[in-house]
Amino acid sequence: FELWKSDGSIAGTVMVKDINPDSGSNAKTMFIGHDALYFSATNGSSGYELFKTDGTEAGTVLVADLYPGYNHSSPDRFNIFNNELYFSATTASGFELMKTDGTTAGTVIVKDINLGSGHSYASKTVEFNGALYFAANDGVNGYALWKTDGTTEGTALAVDFYSDSSSGSVMHLTVFDDYIYL
């Protein structure tokens with residue numbers, strides 16, 4: 001189970017790269033950004049991590065092992081904002097919102113929202129009024145609406161649905177007619 005590409009013909013359908021020759025990479029969760037196709041896959045030694053391809057074997061590479069020594073970081077929920085690719089993944093800081101410019105050094109946690117190894121479960125990103133909004137749980141206010149400008153300092157709770165740590169649920173976010181619907 002590897003990454004393939006096709007031009008719609010039998011002859012034009014080929015494996016891009018055998019990422020995990022022993023048992024398959026299980027390439028999934030694909031998203032286009034920075035002139036590359038980003039996806040989650042395993043190479044057999046790093047669990048499910050962030051990969052990218054330009055469509056060639058040589059250009060199919062691991063971008064970052066987001067949680068070395070851990071079974072799976074499972075990058076998912078991709079979105080482009082301010083020319084950077086945002087996604088959610090598990091790291092030593094928990095399941096948090098991350099961003100990448102396509103390089104290992106440029107792949108970072110936006111903010112550790114649920115401090116320590118707690119999971120914020122950052123997800124469901126949508127761009128609105130110059131910010132990226134998303135759902136997350138900081139471990140104090142429960143599941144709420146957050147926003148970021150892409151910096152740690154510019155990432156903050158936008159709307160808390162409860163006055164205590166009760167946890168609601170934000171299932172979907174979409175923008176329509178100058179509002180975020182959720």
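Two strands are taken to pair if DSSP finds at least two bridges between them, strands (E, at least two residues) being DSSP runs numbered from the N terminus. The structure is a predicted model, in which local features need pLDDT of at least 70 and side-chain atom pairs count only at pLDDT 80 or more, while totals for chains, interfaces and linings use all residues. Residues are numbered from 1 along each chain as its sequence is written, and side-chain values use heavy atoms, with hydrogens and water left out.

S3 is joined to strand S4 (residues 36-42) by four bridges, and Gly 33 lies opposite Ala 36 in S4.

Seven bridges connect S9 in antiparallel fashion to strand S8 (residues 84-91), with Ala 89 opposite Glu 96 in S9; a hairpin of two residues links S8 to S9. On S9, three bridges also join strand S10 (residues 107-109), again antiparallel, and Thr 100 stands opposite Thr 107 in S10. The hairpin formed by S9 and S10 has six residues between the strands, and Gly 102 in the turn adopts a positive phi of about 100°.
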